[in-house]
Amino acid sequence: MNGSIPFALCGAVLVGIGLYGVMAHDHLLRRLIAFNVTGSGVFLLFGSLSALSSGGATGAVPQALIITGIVVAVASTAFVLALVVRLKEEDVDAPAPGAFEGSSEHDDHAP
Amino acid sequence: MAPAFSALTLFDVVLCVLIIGVALCSSSVRDLFAATVLLIIYGVFVAIAWVRLGAVDVALAEAAIGAGLTGVLLIGAVARLKITESPAAAVSRWQFAAKVIPASLGLLIASGLAYLVLTVEWRETLQAPVLANLPDTGVLNPVTAVLLNYRAYDTLLETSVLFAALIASWCTTHDDLWGERAGLRQHTRRAGILATFGRFLPPIGLIVGIHIFWAGADKWGGAFQAGTIFAAVWILAIMAGVIDAPNATGRSIRSFAVAGPMFFTFVALTGVLAQSFLIIPVMVAKPLTLAIEACLTLSIAATLMLLVLGAPRRSA
Amino acid sequence: MIEAYFFAATVLLMTVAVCLVRVLRGPTRADRMMGAQLAATAGVAILALISPAGSPAMLDVALVLALLGAFAAVAFVKAATIDGAGDPEEESQ
Amino acid sequence: MSVIVTATTILLLLIGVAFFLAGSMGLLRFPDVHARLHALTKADNLGLGFITLALLPQAADVWIASKLVMIWLLTMLAAATVSQLIARSALHEEDVKQEPGP
C-alpha cells in the first residue's frame with residue numbers, strides 16, 4: 001500500500017480526459033483548456049510515480065522537470081491565446097484552418 | 001494500525017475524485033466561461049495534490065501559475081468574447097461519432113496508463129546521487145540544485161523557450177500598433193477600491209516573492225516561483241492603473257527580459273574556458289548560483305508579465 | 001489531532017464540490033466567478049489544515065494562494081467593463 | 001490544560017467548517033447574485049477566521065503563527081475587494097440586460 005497510488009491513477013485519468021477534450025471540441029479556447037488538463041495530468045502521473053518508487057516524497061529531479069514543464073506550458077498557453085485573439089481580429093472563420101494551427105502548436109510543447 | 005492512516009487516505013481519495021470531477025465538468029460544460037472558471041478551481045486542487053505528494057516546490061509553482069496567472073490569462077480573453085455558448089448543434093450520427101471516438105481513445109489511454117501504474121514495479125530513483133553531490137552545488141535545496149546545476153542545460157533551454165514565446169506573441173501585433181503599450185489601456189476610478197487594492201497588494205507580494213526566492217536556495221521555492229509571483233503583482237498593479245503597462249520597444253523592459261538567459265549563457269561560455277560548457281566551479285558555486293537565480297527571477301517576471309498582457313490592442 | 005484536521009479538510013473538499021454546482025449552473029458570469037472565489041478560500045483553509053502533517057513549507061503554498069487567489073476575479077471584473085479595461089466603480093458615476 | 005486547548009481547537013474547527021458549509025449552501029440556494037455574495041463573504045471571512053484561530057494554539061512557533069494570521073488577513077483583504085467589485089460588475093450586467101445592446 002502506497003499513499004501516492006490514488007494520485008498516479010488520478011493523473012492517468014486526467015490525461016485521458018484532457019486528450020478527449022483536445023480531440024472533441026471545436027472551439028480553440030476549449031482545446032487550450034483541455035491541453036492544460038492533459039499537461040497537468042502528465043505531471044501528476046510523473047511526480048506520483050517518482051513518489052511511488054522512492055516510497056516517500058517526489059524526487060528532486062522529477063520536481064525540477066515538472067517545474068520546467070509548468071512554465072513552458074503557461075508560456076505556450078499565452079502564445080496560443082495571442083494567436084487566437086489575432087485570428088478573431090482578422091475575422092478568419094476559426095474552425096477549419098485555425099483549429100489545425102492551434103492544436104499543432106499545443107502538441108509541439110506537450111511534454 | 002495508526003488511526004491517522006484512514007483520515008489521510010480518505011482525504012487523498014476525495015481530493016483525487018474532486019480533481020477528476022472538476023476536469024470532467026470543465027471538458028463537458030457548454031458554457032466556455034464556466035469551463036475557464038473550472039480550470040482555475042482545478043489549479044487550486046492540483047496544487048493541494050502536489051503538497052500531499054511532498055513536492056512543495058511544484059506546489060508553489062502550480063499555485064502561482066495554475067491558480068493565478070493562467071486564470072488571469074484565460075478569464076481576460078474569454079470574458080471579452082461576446083458569445084461563449086457552444087451552439088446546440090443538431091445531433092447527427094456524424095456528431096455523435098465525433099464525441100464517441102475521442103472518448104474511447106481517451107478511455108483507452110487512461111486505462112493503459114492506469115494499468116502501468118498498478119503493475120510495473122517502480123524502484124530506481126535519482127534521489128541518492130542528487131543528495132550525494134549536493135555539497136558541490138552551493139545550495140541546500142535539491143530541486144534548485146537540479147535546476148541550476150545538474151540539469152542547468154534544461155533550464156537554459158527553458159528560459160530560451162519563454163523568450164521565444166514572448167517574441168512569437170509580439171509577432172501577432174498589428175503593424176500600426178507596434179510601439180504602443182502592451183495590452184489594452186487600463187484605467188480605474190482614482191482612489192477607488194480597485195486602485196487601492198493595486199497599491200496595497202504589490203508590496204506584500206514583493207515581500208512574499210523575496211521570501212520564496214531566498215528560501216529557494218536552502219529549503220523550498222526558487223527563481224520560477226518567485227518570478228511568477230512578481231509577474232502576477234506587476235500585472236495587478238497595471239490592471240489597477242497604478243503603473244503603466246510597459247512598451248515592448250522600451251530599452252529597460254527588454255533588458256529585464258534578456259538578463260537571465262544572457263547571464264546564464266555568459267556563465268556557460270566562461271565555463272568553456274575553465275573546463276567545459278555550463279560547468280559551475282565548486283569554489284564559487286553559491287554566489288554564482290544565486291546571481292544566476294536573481295537574473296532568472298527578473299527575466300521570468302518580465303517575460304511572463306509581457307506574455308500575459310499580450311500584444312498592444314486598441315479598445316473596442 | 002492530525003486526523004481531526006484531515007477530517008475537517010475532507011469536509012471542506014465536499015463544500016467545494018457543492019459550489020461547483022453553482023459554477024456549472026450560473027446563470028450570470030458573476031455567479032460562476034463567486035464559485036471560484038469560494039474554492040480558492042477553501043483551498044487556503046485546506047492547505048492550512050494539512051500543513052501540520054508535513055513541513056512548514058506547506059504554509060507558504062497557502063500564502064501564495066491567498067495572495068494570488070483573487071487575481072482571476074480582478075481580471076474578470078475588468079474584462080466585463082464596456083471597453084474591457086475599465087473599473088466597475090468608474091462607470092456607475 | 002492541554003485538554004482545554006485541544007477541546008478549544010476542535011470546537012473552533014467545527015465552527016469554521018460550519019461557516020464554510022453554510023457559505024456554500026447559501027451560494028447554492030440563495031435566489032440572486034447579491035444574496036449569494038452575502039453567503040460567500042461569510043465563508044471567506046468567518047470560516048477561514050475560525051480555522052486560523054483553531055490552528056493558532058497548535059502552532060509550533062511564533063513564525064508559523066504569524067504566517068497563519070498573515071494568510072487570514074490577506075484572504076480577507078482580497079475577498080473584501082473582490083466581492084465589492086463583483087457586486088458592482090453584477091449590477092452592470094443587470095443594467096445591460098434591461099436595455100438591449102450597449
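The structure is a predicted model, in which local features need pLDDT of at least 70 and side-chain atom pairs count only at pLDDT 80 or more, whereas totals for chains, interfaces and linings use all residues. Residues are numbered from 1 along each chain as its sequence is written, and chains are lettered from A and ligands numbered from 1 in the order in which they are written.

Chain B contains eleven helices and zero strands, where helices (H or I, at least four residues) and strands (E, at least two) are DSSP runs, numbered from the N terminus. The C-alpha trace of chain B spans about 70 × 65 × 40 Å along its principal axes. Of its 316 residues, 52% count as buried; a residue is buried if 20 or more other C-beta atoms lie within 10 Å of its own, exposed if 12 or fewer, and partly exposed in between, with the C-beta atoms placed from the backbone. Two residues are taken to be in contact if their C-beta atoms, placed from the backbone, lie within 7 Å, and among contacts in chain B between residues at least 6 apart in sequence, 75% join residues at least 24 apart. The domain assignment divides chain B into domain 1 (1-80), domain 2 (90-118) and domain 3 (135-316), with bounds that come from an automatic or database domain assignment. Between domain 1 of chain B and domain 2 of chain B, the C-alpha centres lie 23 Å apart.

Chain D has three helices and zero strands, and 39% of its 102 residues count as buried. Of the contacts in chain D with a separation of 6 or more, 59% are between residues 24 or more positions apart. Leu53(D), which lies in helix H2 (residues 33-55) of chain D, counts as partly exposed because it has 18 C-beta neighbours inside 10 Å. Leu53(D) and Leu13(D) are 40 residues apart along the chain, and their C-alpha atoms are separated by 8.3 Å.

Confidence in chain A is described by pLDDT, the predictor's confidence in each residue, from 0 to 100. Chain A averages a pLDDT of 78, and 79% of the residues score at least 70.

The contact between chain A and chain B takes 62 residues from chain A and 69 residues from chain B. On the side of chain A that touches chain B, two or more residues are given by each of H1, helix H2 (28-54) and helix H3 (60-89) of chain A, and the largest share, 21 residues, comes from H3(A). This side of chain A is made up of 41 nonpolar, 19 polar and two charged residues, where Ala, Val, Leu, Ile, Met, Phe, Trp, Tyr, Cys and Pro count as nonpolar, Asp, Glu, Lys and Arg as charged, and the others, Gly among them, as polar.

Chain B is also touched by chain C, with 51 residues of chain C in contact with 61 residues of chain B. Helix H1 (2-25), helix H2 (29-50), helix H3 (57-68), helix H4 (71-79) and helix H5 (88-91) of chain C each supply at least two residues of the side that touches chain B, and the largest share, twelve residues, comes from H1(C). The residues of this side of chain C divide into 33 nonpolar, nine polar and nine charged.

Within chain C, eleven of the twelve residues of H3(C) are buried, among them Asp60(C), Val61(C) and Leu65(C). The end C-alpha atoms of H3(C) are 17 Å apart, which agrees with the 16 Å that its twelve residues should span at 1.5 Å a residue, the expected span being 1.5 Å times one less than the number of residues. H4(C) is largely enclosed by the rest of the structure, because nine of its nine residues are buried; these include Phe71(C), Phe76(C) and Lys78(C).

The largest nonpolar core has 222 residues, and those with the most contacts inside it are Val61(C) and Leu65(C). Helix H2 (residues 32-52) of chain B gives the largest share of this core, 18 residues. A nonpolar core is a set of buried Ala, Val, Leu, Ile, Met, Phe, Trp, Tyr and Cys residues joined through C-beta atoms within 7 Å. When its neighbours within four places in sequence are left aside, Leu65(C) is in contact with Val44(B), Ala47(B), Ala63(B) and Ala67(B), as well as with Ala40(C), Gly43(C), Val44(C) and Leu47(C).
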